[in-house]
Amino acid sequence: MAARTFREFLDVLEEGDETNSITDEISWDLEASAITMLANEFDDRIPVFERIESAIDGARLVGDPYRGPRHRPWDRFARALGLEAGLSGPAYYEAVIDRLRSSHEPTVVEASAAPCKEVVRTGDAASLLEFPWPYIHQGDGGRYANLATLVAPDPDGDWENWSHHRAMIHAASQASVLFLAGEQVPNLYYYEYERRDEPMPVALAIGAGPAVEAASRMWIPVGRSEAAFAGGLQDAPVELVECETNDLHVPASAEVVVEGRVLPNERLDEGPFGDYFGYMNGPRRSMPVLEVDAITHRRAPYLPFCVEGSGVGYSRNSSSTFQTAASGPDATLGLRAAGFDVEMAVPWDFTSRTVWVIAIERSYPGTLHELANFIFTTWGMLHIDFFVFVDADVNPLDPRAALEAIALHADPDRDFHQFGVERMPKVPLNIYQTPDEKGSATVGTSKSKTAKAYVDALADGSRPVQTIGDRAARERARDLLVEAGVDETIFEHDTGGDR
Amino acid sequence: MTAFRNHLGFLRKTDDLESLERPESPSPQVVAAEALRANGPALRFTTDGSALGLASGIYGGVDQLQRRRRYPWTRLGIGLGVDRDPAYVDVLEALLALGRRLDERDVTYVARAASTTDLNVRDLELPTPPDETWPRFTLGVLSVGADEGSYWTPIHGTVIDDRTLRARVPDAITDQLEQGDAVSVALGVPSEALAATYLLAVTDRLSTPIEDRGVGAAVPVVPTAGGVVPSSAEVVLETTVADQQPETRSEKREFWERLVDGTTLTLEVDDVFARDDAVVPFTPLGVPLSDDLLLVTLATATTLFDRVNSYWGVSPVEWLLLPVEGRLGICFVATETLYAGFEWQLANFLFSLSDCFDKVVVVDGETSPRNFGRVLGDIWVKAHPSRDWLFSEPNAPSARMPTYHSEGDTGARLYVDATWDPRWDDEYIAPRVSVTDSYPPEIRDAVCESWADLGFENDLEGDDLT
């Protein structure tokens, strides 16, 4: 059965001896994140900080709880969803796709049955400063709540959108939220609420459980319920509860819920922040203001956080894992639904959002161009700059196979294709543009543009061999190696190139 | 100098060598290939004494696509005696020194460790790959003696019958051979000898006797019926060039044959010398991470590294790496950017020095070669998709390693500039997120000191966290 709450997820990790409960008093001021980054770098157990300096109500921190193991990033998430143990990457993708195809509508429970209402503070009693939000990197603009699901409404309908946005803490009742125009909720805010001079009611759910976190990271079409997809992922309805100060519904099991309003035409500084590119992006820029109306939470709540920027290169963190384990299957499903003969769509192993590797058949001349055009004009256009297409029998979870494909099969003359040179939208977080190009720091929405490109690394039948011997001989070889003392998990890590 | 068997001993001491009994089935090549595919340890195939011991994955066998504490150059670096945890550039420089021409010979002659045997070459029971008929030997050194000294080249081939080898050798050596000439084949030689032989072959420097190269001073040798061979060689085959030479070409090639024109040679084996409990290296051909590929990529990187740093009068290039995963189809170079446009010059200089690849990625010199994962991230986040992915017109000679060119084609070249623009003010340069960059030293030190007490399991020592 799937872990439906954050605490059940921690239990799953603990059963696998994958958490490290730290009882020494730890500071939220860089110390917790330094420990977490080292754990990320070394693929060590996930730190659960039981005693945090100056935390109220026994609040605790958990550093990058969704980080997957380095060699099988989907593994912990698979167990969280109650999937069969030991799934290969491609099998995991198909299992998640099946779950996404079988959504469950959420149910609504009474406040008395909602763990997130164990403590309710409203008005002046609700203070952000009483929680141990971590200061994550030296040079960050402030302390952050950055592993959270933002719940926001559609002003003209019943849709409640879930998405992932970080919030920088400014005061007891104020935070700035990173709203980048082009994403669903920021679009609603900038082009609906703010134009009407109306505040946007929102809720920030922290520690809402694996399926909720995953759904909030996925590209779910406008108007479709992330809650229903989360229900599909966990194969059971998500329990929601109504907020105290607005009409929104939030996951009832959340550790902490911050209710509030994003004020129209008001801005606070946001950033700099060490972001998913692996660099500090700046400058500080003006972002919309979240005014807090209430905070409800469990007793002794856990506050999960992500050390962004550490999920690059060899290291993983929660964000990079969500990309591979959640956004990947979701994108694969989305592309198939759009009619493309896609085997798998997987983020590049070393930088989780800027480039994706897609295994696909070249069904007809122009397939790749059409697919790239579809993606760049629908989802992914803000964050993704590149797609690398590889043969359908290549496993895009295997970076060795992807690098080989780029080196040997992508012709600089014929296989690198750029789209609309510097005419495509781009989040202002990347580092290859000058501050001028990223847009003014005083403007809430980015004016930056960039180019996009795709790389045709299909071999069209001339790939080097990856194995010798037939399957039976290879399996026998592996058995012999294990008998000889070779660590069996080495073979689990080998994604093998061919699917 | 480290004898081959001592090299195996060092690998065992570093927990990087597993032993298993040589199986009847599947063939050792299949076992070796599976270990390579999984980034496994080096392997030692033991026997009951009736045949040769075998070893695979001895020089390479590691990729850089996951964080590891071993790198593609680690095993060879240990073999070269660089260090137990050798730095990449130190390995390149050690290789370079072996290939350098000496002003004065400094050769050490030592008694042959291998003894005369009654074995014929089939008795050695070299392994036969799946779907092949004849046992195959790889990672060998051919020695041809002449008045001025001995010439070493790579050799690989098959055992046709009790006393016949059919082998591939570089064309450069066959010019010196005539029917009936004595040549010797050495298997299980020190890393210096094998690596230097590959280096000299792929850089077309086989016309100088090895006594006049650094390797001649580094590796003690012994005279044989052919030329001199490393005295510690596990197996030496003294042969003569057969009267009849076939017009055949093996379908399976060692990787050096992709760069060097070769000839098929039939050799009649006159004598077999072997050490007690002899063990020889072999590599499955064509599979990822094979030893022959690693030796060629390091030899090529060594040469390019030396030439670019010898060109400008300064040494701006910190490292240069041809990842084994890319099979010589892509080159990565980390450099100081001396002036605006330097990275363009550097990339094109590399294209002019090698016809293997048509893609060069230039990264900042501060990037560590051990942190290749970070390099594979920077390609896409530091390089602007239009301004920093730079393509030539398709009028250049086509690169030989990629699969998309036909003979006689011209092609385009690409370089990716993943360096900071030297014209940018410092304020434009985004600081990296890393353990060392994102936390003050007092916090880093405190966390590292208390790491084990906090309950974590992994040893922090020895990793490059930059």
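## Where the two chains meet

Let's start at the interface: 94 residues of chain A and 92 residues of chain B take part in the contact. Keep in mind that this is a predicted model. Between chain A and chain B, about 8,000 Å² of area is buried, with 66% of that coming from carbon and sulfur atoms.

A salt bridge pairs B:Glu34 with A:Arg474, where the closest N and O atoms lie 4.0 Å apart.

Within chain A, 3 strands make an open sheet with mixed pairing, in the order S4-S12-S13. Strands S4 (107-108) and S13 (249-251) stand at the edges with a single partner strand each, so one side of each has no neighbour in the sheet.

S4 of chain A runs parallel to strand S12 (residues 239-242), and 2 bridges join them. Here you can find A:Val108 opposite A:Leu240 of S12. As background, strands of a sheet pair through backbone hydrogen bonds, in either a parallel or an antiparallel way.

## The annotated N-terminal domain

For residues 10-85 of chain A, an unreviewed UniProt entry gives the feature "domain: 3-octaprenyl-4-hydroxybenzoate carboxy-lyase-like N-terminal". Over residues 10-85, the chain is 30% helix and 25% strand, and the end C-alpha atoms are 17 Å apart.

How values were computed. Residues are numbered from 1 along each chain as its sequence is written. Chains are lettered from A and ligands numbered from 1 in the order in which they are written. This is a predicted model: local features need pLDDT of at least 70, side-chain atom pairs count only at pLDDT 80 or more; totals for chains, interfaces and linings use all residues. Side-chain values use heavy atoms; hydrogens and water are left out. Two strands pair if DSSP finds at least two bridges between them. Helices (H or I, at least four residues) and strands (E, at least two) are DSSP runs, numbered from the N terminus. UniProt positions are given in the numbering used here, feature names are shortened, and annotations may be inferred rather than shown by experiment. Contact means heavy atoms within 4.5 Å. Buried area is the accessible area (1.4 Å probe) that two parts lose on being put together, summed over both. A salt bridge is a side-chain nitrogen of Lys or Arg within 4 Å of a carboxyl oxygen of Asp or Glu.
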